[in-house]
Amino acid sequence: MTHLIQGETGDWEVVIGLEVHAQAITKSKLFSGAPTTFGAGPNENVSLVDAAMPGMLPVINEMAIEQAVRTGLGLRAAINKYSVFERKNYFYADLPQGYQISQYQHPVVGEGTVTLDLADGSTRDVGIERLHLEQDAGKSIHDQDPKRSMIDLNRAGVVLMEIVSKPDIRSPEEAGAYLRKLRAILRYLGTCDGNMEEGSMRADVNVSVRPKGADELRTRVEVKNVNSVRFVMQAIEVEAERQVGVWEDGGEVVQETRLFDPNKGETRAMRTKEFAHDYRYFPDPDLLPVRFDDDFIERIKATLPELPDEKKNRFINDMGLSAYDAGVLVADRETATYFEEAADGRDAKTVANWLTTNLFGALNKLGKDIGESPVSAGHLGELVGLIKDETISTKIAKDVFEEMLKTSKAPGDIVEEKGLKQITDTGAIEAIVDQVIADNPDQAADVRGGNDKAIGWFVGQVMKASQGKANPGQVNGLLRSKLLG
Amino acid sequence: MSDLRDWTIATASDAMEKGEVSSVELTDAFIAAMEAGRTLNAFITETPELARERAAASDERRKNGDARGPMDGIPIGMKDLFCTEGVKTTAASHILDNFVPTYESTVSGNLRDAGAVMLGKTNLDEFAMGSANITSYFGSVKNPWTPEGANANLVPGGSSGGSVAAVSGGLAIAATGTDTGGSIRQPASFTGLVGMKPTYGRCSRWGTVAFASSLDQAGPLTRTVEDAAIMLQAMASHDPKDSTSLPMVLPDCRAACTRDAKGLRVGIPKEYTLDGMPEEIQKLWNQGAQWFKEMGAEIVEVSLPHTKYALPTYYIVAPAEASSNLARYDGVRYGFRKDGASLDEMYELTRGEGFGAEVQRRVLIGTYVLSAGYYDAYYVKAQQVRTLIAEDFKKIFADVDVLLTPTAPSAAFAEGDKMDDPIAMYLNDVFTVPASLAGLPAISVPGGVDKDGLPLGLQLITGVCQEETLFRAASALEMAAGFEARP
């Protein structure tokens, strides 16, 4: 799936790497005991360490290391049993220490892989360069007072995992697929809630372009702090176009940091001053290097859930789903769980169909996600069971489903209450068939005269007379034997 | 009460135990001395009320048979680098001159819990950066010692200058110090006191204003080696709040003070002989070796080949860490702030006015050596040399028990000397810095006086966590030297 930009001089290819900042799920901050709960009042989740009071010292939160290792394992990455926290020095009002504690030369997680599920059902691997842990900064608020800025340190010290991809991504679509897949993996692992709106996941996008077929990597531009999948895709689109324009006009793309403005649909260079930092990294002398052994890794490995790729393979190989359906179902952990519960003891393919077409469609209309579905997984499975054992027809099932959406009732109860049970008693059906034939002598004669196709009209009449409850197969058989037999 | 300089922790503790004196009486006497001795400028903040309160509580405990050990009821000075709950903590800097912590440092908290009575916060070089206590925002400290037949004001050494002036001047029985490159040992040498720096990690750094994290260690400043052992025992602890704190218990150092030096192998590192070092210091050093020999120790000449790189290494590592540690003093959350038209201008004005010249010099040096393009040549190289220095010691301590060296290359000098020459000032640390870089325990013991009657210290160094051996050798040296001089 090559994405090419047609320039005036020829086709151009886009080269993309993503740096994702994912807030790790931990009870307390990376180096202090302050809570990380979202929605606390300004400066409520701030300890003496977070406020960088004189003499305060950081102590590593072991949970953060566990979450990083867990994530590394989910990314099929090398886990580094030795890693080092360093200080990244710069001044900003919401950076209390005057440095951010981060990992630089020795990150806790090394190279790994994320497999993208593309729209056509195919897959493509994107390399992970590294994952390292770092502290988040606080928040500066500039609109509360005409003269002063306000600082909220609740986020200061919160655990971030920076996940850096290799420049393996080649289109905005792949970038989108990468972010969605990464988010799915993090959510499966329970290491990040992946909520981009609340800022628990943010992306810096590195973009460069090169003539189609070239091997060189040209100067890249970093588009900072993009906070939705859609914006990432748009930012790549417009930034790549811009760069092609610059090269084709005989100019040169300069290495710089830019910001994406979704309103204007363009990227803009940040002031030089904002990124001309010399961060003076050096190992934080307040902290010892992080060391752990294989047992630590094995203990975490033992608690890993089944991840999307494994699940997808199982859905395809053991449950007979198509690659596309399997991909859709595993994209989100809640959906996969819902599906597995609904498919328990049922025909998996039929459940998958009902889920991806009927339920997704309905939820979409209601503006709800699967966690809020009025139809429970057990009920959806029961509905498929009722179809399979011929209690109801597929057509009736659609009516039952509508009722389930409205009332959240069990399909069996709805069928019972409304008397929708399929009629399979041959005698009862035969009586209706006889009545319909008797009521329509001209049409019957027509069929008997050789117009086979008119039998369909009779099927419709019988179904109508039975209020849709007659078993269509039986109706068909009876009509054939009576009119043609 | 007789000469307050007669009191040691051990004698005061005994006297209180026997009911000969109460903590309140002792404390009142020292408060009076502290007030009478203000010309020394040893204290930045006096806390007489708090002291009386704690002394009374101590007496109450003792009356009920709940005395907490030998530090209970002892009036001490607290270096103003330790954060003390509800008591202004300045680090002798304008930038913190209004800062009152809501928390107590682990070391001062340990002392408080042991019953020690804090008389006040002692003066120091700003952020503990200096060797003469002349960089304090609150003015320089005067050494209680004066050269015989002269009137010059001498510096007390630094950075724990206020603490040593207080103890040697009889304003406190003992005091806390911190040592980054020699800030306990050098001023002890300049004032005829015992100054001890434990193994890095023995005393928690939590709540102590940081200078250079990988070097900073708290320790006692006392009149006797035994007192140093008693006080260290109260200060040291494993502290989960300091990741570099040693997870082990300090052995019984006071008991070690009763053992003799017989059979000790005492190393004399030849690299500690400096060109142009005063003859008296060389003489005292030789004398020290002779004393050990006479006490049945074995003297071994040893070599620590990387010693000559220690001082330059120290003056890269310490400023580098300091430049980053001091970044938090930005006027945003606490301390001194000078408003500006922009955030950057506020930083410039706040830090430009809030920090003194020496602090600014070290922040600049540190920023420079960590900068892109210089990091590998300076900081990385310095760390490599530091490893080599530590290895030198490790090798030597496989062979000898303790090293004997001078503490400082000179006796106390006059205020004004070396002030315009930072390098000459930095040379004060030449003998103390190697042990700091290697994280080793070291102690300065008064050995004698120079021709002007000024005290000179001898330094002992042992391997990591070998405090027992250090105190054993130090007591023997103390006894041999029989130092009795007073300011």
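This is a predicted model: local features need pLDDT of at least 70, side-chain atom pairs count only at pLDDT 80 or more; totals for chains, interfaces and linings use all residues.
**Stop 1**

Select the strands of chain B. Eleven of them form an open sheet, in the order β1-β3-β2-β4-β6-β5-β10-β11-β9-β7-β8, and the pairing is mixed. Which strands lie at the edges? They are β1 (43-46) and β8 (298-302) of chain B, each of which pairs on one side only. Look along the sheet: on average, neighbouring strands are turned by 30 degrees against each other, direction ignored.

**Stop 2: two partners of β3**

Strands of a sheet pair through backbone hydrogen bonds, either parallel or antiparallel. Both kinds can be seen here. Select residues 117-122 of chain B, which are strand β3. Three bridges join β1(B) to β3(B), and these two strands run antiparallel. To find one bridge, pick B:F43; its partner in β3(B) is B:T122. Now turn to β2(B), which is joined to β3(B) by five bridges and runs parallel to it. Here B:M78 has B:K121 of β3(B) as its bridge partner.

**Stop 3: strand β2**

Stay with β2 of chain B, residues 75-79. Are its residues mostly covered or mostly open? The strand is mostly covered, with five of its five residues buried. In a regular strand the side chains alternate between the two faces of the sheet. In β2(B), B:P75, B:G77 and B:K79 point one way, while B:I76 and B:M78 point the other way.

**Stop 4**

**Stop 5: a helix pair in chain A**

Move to chain A and select α15 (residues 455-465) and α16 (residues 472-483). Their axes come within 10 Å and cross at roughly 130 degrees, which means that α15(A) is oblique to α16(A). The crossing is right-handed. Among the residues making the contact are A:F458 and A:V462 of α15(A) and A:V475 and A:L479 of α16(A). The contact residues divide into nine nonpolar, one polar and one charged.

**Stop 6: where the chains touch**

Finally, show both chains. Their contact takes 24 residues from chain A and 33 residues from chain B. On the chain A side, 16 are nonpolar, four polar and four charged.

How values were computed
Residues are numbered from 1 along each chain as its sequence is written. Chains are lettered from A and ligands numbered from 1 in the order in which they are written. Axes are lines fitted to C-alpha atoms, for helices over the stretch in contact, and angles run from 0 to 180 degrees between N-to-C directions. Helices (H or I, at least four residues) and strands (E, at least two) are DSSP runs, numbered from the N terminus. Angles under 35 degrees count as roughly parallel, over 145 as roughly antiparallel, 65 to 115 as roughly perpendicular and the rest as oblique. A crossing is left-handed if the near helix is turned anticlockwise from the far one by less than a right angle, and right-handed if clockwise. Two residues are in contact if their C-beta atoms, placed from the backbone, lie within 7 Å. Ala, Val, Leu, Ile, Met, Phe, Trp, Tyr, Cys and Pro count as nonpolar, Asp, Glu, Lys and Arg as charged, and the others, Gly among them, as polar. Two strands pair if DSSP finds at least two bridges between them. A residue is buried if 20 or more other C-beta atoms lie within 10 Å of its own, exposed if 12 or fewer, and partly exposed in between; C-beta atoms are placed from the backbone.
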